[in-house]
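Welcome, and thanks for taking a look at this one with me. Please open the sequence and the model side by side before reading on.

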Amino acid sequence: MNRKRSKLDIEEAERHRIAKDLHDSVGQQLTAIKLYLGTLKTISKKNDQSKCEALITKSISAVDEATADLSNICYNLMPGTLIALGLIKGVNELAYKINAAKGIKVYVDISPEFPAVDKTLSLDLFRIIQEFINNSIKHSQATQVDVFMKYNKRGKNLSMLLKDNGKGFDVRDKINSGMGLINARLRVGIHKGTILINSSINKGTNYEIDIPVKNKFAS
């Protein structure tokens with residue numbers, strides 16, 4: 001598969017993911033708000049103050065949730081910290097946000113010599129990490145995700161290990177159908193890297209990634 005085709009496949013998969021996120025979160029909240037307001041209009045004619053106040057409270061709560069969901073979707077589209085300050089800051093911010101809100105622990109260990117790489121590689125590595133964590137939260141019932149990032153100065157290559165302690169899966173069943181796995185392989189392949197995916201039932205999942213970066217340092 002050529003590089004252009006790989007990028008198109010990744011972009012199409014992300015469009016589907018964004019559309020699903022909008023439908024499942026913001027769309028449902030807006031539907032609920034519409035229902036609350038319709039009911040409020042009917043009840044207000046009966047001067048039932050307590051029910052009116054309850055519906056107003058529910059509407060405000062739904063608006064708050066929709067706003068939070070939209071903010072998260074926008075962050076997933078293009079994290080400002082990643083673009084402004086680079087991959088290391090972006091990954092640390094992602095871990096901080098998840099640790100603060102998701103009930104899962106994300107541990108990040110980035111070696112001090114890890115270099116600043118160009119924006120294309122930064123975004124692809126960030127997306128791999130982000131999707132791995134999201135899958136660990138949604139599907140694997142993991143309680144911890146570890147992210148290790150190192151740089152081999154002599155070989156000029158990056159190595160990244162992602163692992164969770166979740167329920168795992170049979171790689172043979174998912175390798176050609178799991179969208180997260182497919183996207184990870186495509187992103188790594190674009191940069192002429194390698195990815196080894198290991199998982200087994202009740203023993204967690206890990207990705208071992210190596211990418212040459214001879215000409216991919218940030219300018």
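Here are some numbered points to guide your first look.

1. Please keep in mind that this is a predicted model, in which local features need pLDDT of at least 70, side-chain atom pairs count only at pLDDT 80 or more, and totals for chains, interfaces and linings use all residues. Residues are numbered from 1 along each chain as its sequence is written, and side-chain values use heavy atoms, with hydrogens and water left out.

2. The protein has 7 helices and 5 strands (DSSP runs, H or I of at least four residues for helices and E of at least two for strands, numbered from the N terminus). Along the sequence, the pattern reads α-α-α-α-β-α-β-β-α-α-β-β.

3. Of the 219 residues, 39% are buried (under 20% relative accessible area, with a 1.4 Å probe and protein chains only).

4. The largest nonpolar core holds 36 residues, and Ile129, Met149 and Tyr207 have the most contacts inside it. Such a core is a set of buried Ala, Val, Leu, Ile, Met, Phe, Trp, Tyr and Cys residues joined through side-chain atoms within 4.5 Å. Elements giving at least two residues each include H4 (87-101), E1 (105-110) and E5 (205-212), while H5 gives the largest share, 7 residues.

5. What does Met149 touch? Its partners include Leu87, Phe114, Ile129 and Met160, not counting residues up to four places away in sequence (a contact means heavy atoms within 4.5 Å).

6. Do look at H5 too: its 20 residues reach 28 Å from first C-alpha to last, close to the 28 Å expected at 1.5 Å a residue (1.5 Å times one less than the number of residues).

Definitions and conventions: Buried means under 20% relative accessible area, exposed over 50%, partly exposed in between (1.4 Å probe, protein chains only).
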